Amino acid sequence: MPPATGGGLAESELRPRRGRCGPQAARAAGRDVAAEAVARSPKRPAWGSRRFEAVGWWALLALVTLLSFATRFHRLDEPPHICWDETHFGKMGSYYINRTFFFDVHPPLGKMLIGLAGYLSGYDGTFLFQKPGDKYEHHSYMGMRGFCAFLGSWLVPFAYLTVLDLSKSLSAALLTAALLTFDTGCLTLSQYILLDPILMFFIMAAMLSMVKYNSCADRPFSAPWWFWLSLTGVSLAGALGVKFVGLFIILQVGLNTIADLWYLFGDLSLSLVTVGKHLTARVLCLIVLPLALYTATFAVHFMVLSKSGPGDGFFSSAFQARLSGNNLHNASIPEHLAYGSVITVKNLRMAIGYLHSHRHLYPEGIGARQQQVTTYLHKDYNNLWIIKKHNTNSDPLDPSFPVEFVRHGDIIRLEHKECPLKKIWRWEQKETSRNLHSHYHEAPMTRKHYQVTGYGINGTGDSNDFWRIEVVNRKFGNRIKVLRSRIRFIHLVTGCVLGSSGKVLPKWGWEQLEVTCTPYLKETLNSIWNVEDHINPKLPNISLDVLQPSFPEILLESHMVMIRGNSGLKPKDNEFTSKPWHWPINYQGLRFSGVNDTDFRVYLLGNPVVWWLNLLSIALYLLSGSIIAVAMQRGARLPAEVAGLSQVLLRGGGQVLLGWTLHYFPFFLMGRVLYFHHYFPAMLFSSMLTGILWDTLLRLCAWGLASWPLARGIHVAGILSLLLGTAYSFYLFHPLAYGMVGPLAQDPQSPMAGLRWLDSWDF
């Protein structure tokens, strides 16, 4: 039955868990507590009263849900142009509609759902999503925004139900719902085409499902128990399928499950067979089911994105062969490498790309001022090289010369092929037709590595152009196979190994990746390459269909690429990044749209009243929770009401505090670029903690002042003050989320005049 409206938190509302004392002791304790509660209660509620309370409970839930949807869908169409990361995720939705392969550092579920929402709402995938500020015009974007707002709207009722189950208090649940409904940051994130509302939806769904199946612990293997346990697994798959930070909620559910199984194992009234059944149920629902759904997400992803696109270069040559439109798809090329062949050389480390050169020289002060050699992720004419003998300039493609295969251990030259468009473009600077070259000059970015350049004229250079080609784990004399042979290039003069550091060059290097020659001969993927494209009219071709990878190989490779891409994310020029310590104090927001008084400005910033109250609540919880835990550990005899409230604070509050900790502190260990929006999953948990804490503290105050005539009103007055204060602060700061036009905050005529409480707020 739903809890009574405004119900207290006495021990009678706390169901004892089965533990070391066995179910008999738990039931006895429950009877004693229930008897005490009945003794204090002058009259049991009538059936009509219970029905009225149930109606009131559902009415409050409906009100909370309606208010959440109303705030998220209000002015959803404004502004009618791209805001912030809509340029990325809207574009990715278009790729799904067009079935064009792309690369992203996050798993595919969120983008697939955005693409599906756009497709079902009439969007045809033709909008380019080039940059923030571009107007949508006649293109249908409301379906994608509406889908994200729909999922973002469910965060409030999910948090409401979670806190209600943990605290058995409607006032705590209402306070939590108000904090999230009236937070400008959560509202802003929910109104745009972003992954964040989708991720937070699955995180909160997993949290609610976990709490619900915990509440069914006295009815194991019942239909509700199976339903909530399975729904937890589905939600975990969803969270991980949107972003890898879904691992944090998986860790929380995992810790809860381990603790639950440990207590069941200590219940001597349960047979080992029963404990085994519990373990099997959790393995099936919380491990097997999420993994199956997560894998199925990638299967759909690869099935839908079947056409060649901008993400090809991030993946291996064999992977690219499965994409229609790629030059390797259904292609036939010579199997073994021969002198005179025109080739592309691809680094085996994910997201490094092709060996590349172009007409630009290294700038003054960066080693020798010779032609740049880099790696480039995309297919390009400047990736083409001709493989030649080191000691002759004769043309190997001359029909009078027999075919001579390149073998493991041969000394070769790689001559950069002249771009066929060179004569059309009439470049003034002589370039290409130069040899891959290295010398003792230091590499531009990696100290103690040697610089790699293009040197010579029309293939004529010097002995620093000579490289020994080696096939990894092969014997000297073996032929080199296209795509399959893993090869290294050893510089003959210096003894260094050709590789890529993976570092992004400055603008003079067109932000491509640095190529170096490392004197450290340790075998790493950075220094291992394979031949991809292969053109030689004197050789017979073989079909590349036999080289296409299996689904497990594709799945593994895609994760390697995503992990590397995540770790390599760096801030762009003039981009607002932040540090994790900034986030809980709401130190700095993030501009979604507009920069001056004529623009429609949207600024991602948390409601300061909500965020600072959450920060205060964390500190108060750590203090009060520590005092209560120490008192209980020392055997202090607490009155029944205080003991019940203390258990709620420690158990319910501890559960959400764990969620906040797991979703916040790992960011301090991350080397990638971080943004303010990364904190919002943790903010959901801190808001739930605030609701539980203040409701409990106000009840304790009311109990402590029971002799005062107005003591019973302290709790009601306190909760009402917090609700009204939160709503009023939303009234003040709502232009941040819904948009501002006109004078900036420092102007007295601005709607935000006087509200720029911190200098770091840039609205």
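Me: What is the bridge partner of Q371 in β8, and what makes β4 and β8 a pair?

Reply: In this predicted model, Q371 has G454 as its bridge partner in β8. Strands β4 (residues 371-376) and β8 are joined by 2 bridges and run antiparallel. Pairing requires at least two bridges between the strands, so β4 and β8 count as a pair.

Me: Which other strands pair with β8, and how do you know that they do?

Reply: Strand β7 (residues 435-442) pairs with β8 in the antiparallel sense over 5 bridges, and H437 has T453 as its partner there. Strand β12 is joined to β8 by 2 bridges, also in an antiparallel arrangement; in that case the partner of Y450 is C517.

Me: Why is β8 called mostly covered?

Reply: Of the 6 residues of β8 (residues 450-455), 5 are buried. A residue is buried when its relative accessible area is under 20%.

Me: How do you know that C496 and C517 form a disulfide?

Reply: The sulfur atoms of C496 and C517 lie 1.9 Å apart. The cut-off for a disulfide is a sulfur pair within 2.5 Å, so C496 and C517 qualify. The structure holds 1 disulfide.

Me: What do C496 and C517 tie together, and why is their disulfide called right-handed?

Reply: C496 is placed in the loop between β10 (487-491) and β11 (497-504), whereas C517 belongs to strand β12 (residues 513-518), so the bond connects parts that are 21 residues apart in sequence. The torsion about the S-S bond is about 95 degrees, and the disulfide is therefore right-handed. Both C496 and C517 are buried.

Me: Why is C148 called buried, while C701 is called partly exposed?

Reply: C148 has a relative accessible area of 0%, which is under 20%, so C148 is buried. C701 has a value of 41%, which falls between the cut-offs of 20% and 50%, so C701 is partly exposed.

Me: How many cavities does the search find, and what makes up the lining of the largest cavity?

Reply: The search finds 5 cavities of 30 Å³ or more. The largest has a volume of about 110 Å³. Of the 14 residues lining this cavity, those closest to its centre are F102, D104, H106, H301 and M562. By class, the lining has 9 nonpolar, 3 polar and 2 charged residues. Helix α12 gives the most to this lining, with 3 residues.

Notes:
Residues are numbered from 1 along each chain as its sequence is written. This is a predicted model: local features need pLDDT of at least 70, side-chain atom pairs count only at pLDDT 80 or more; totals for chains, interfaces and linings use all residues. Side-chain values use heavy atoms; hydrogens and water are left out. On a 1 Å grid over the protein atoms alone, a cavity is a set of points where a 1.4 Å probe fits but cannot get out, and a pocket is an open set with protein on both sides within 12 Å along at least five of seven lines; lining residues have an atom within 4 Å of a point. Grid points are joined across faces, edges and corners, and a volume is the space filled by probe spheres set on the points. Helices (H or I, at least four residues) and strands (E, at least two) are DSSP runs, numbered from the N terminus. Ala, Val, Leu, Ile, Met, Phe, Trp, Tyr, Cys and Pro count as nonpolar, Asp, Glu, Lys and Arg as charged, and the others, Gly among them, as polar. Buried means under 20% relative accessible area, exposed over 50%, partly exposed in between (1.4 Å probe, protein chains only).
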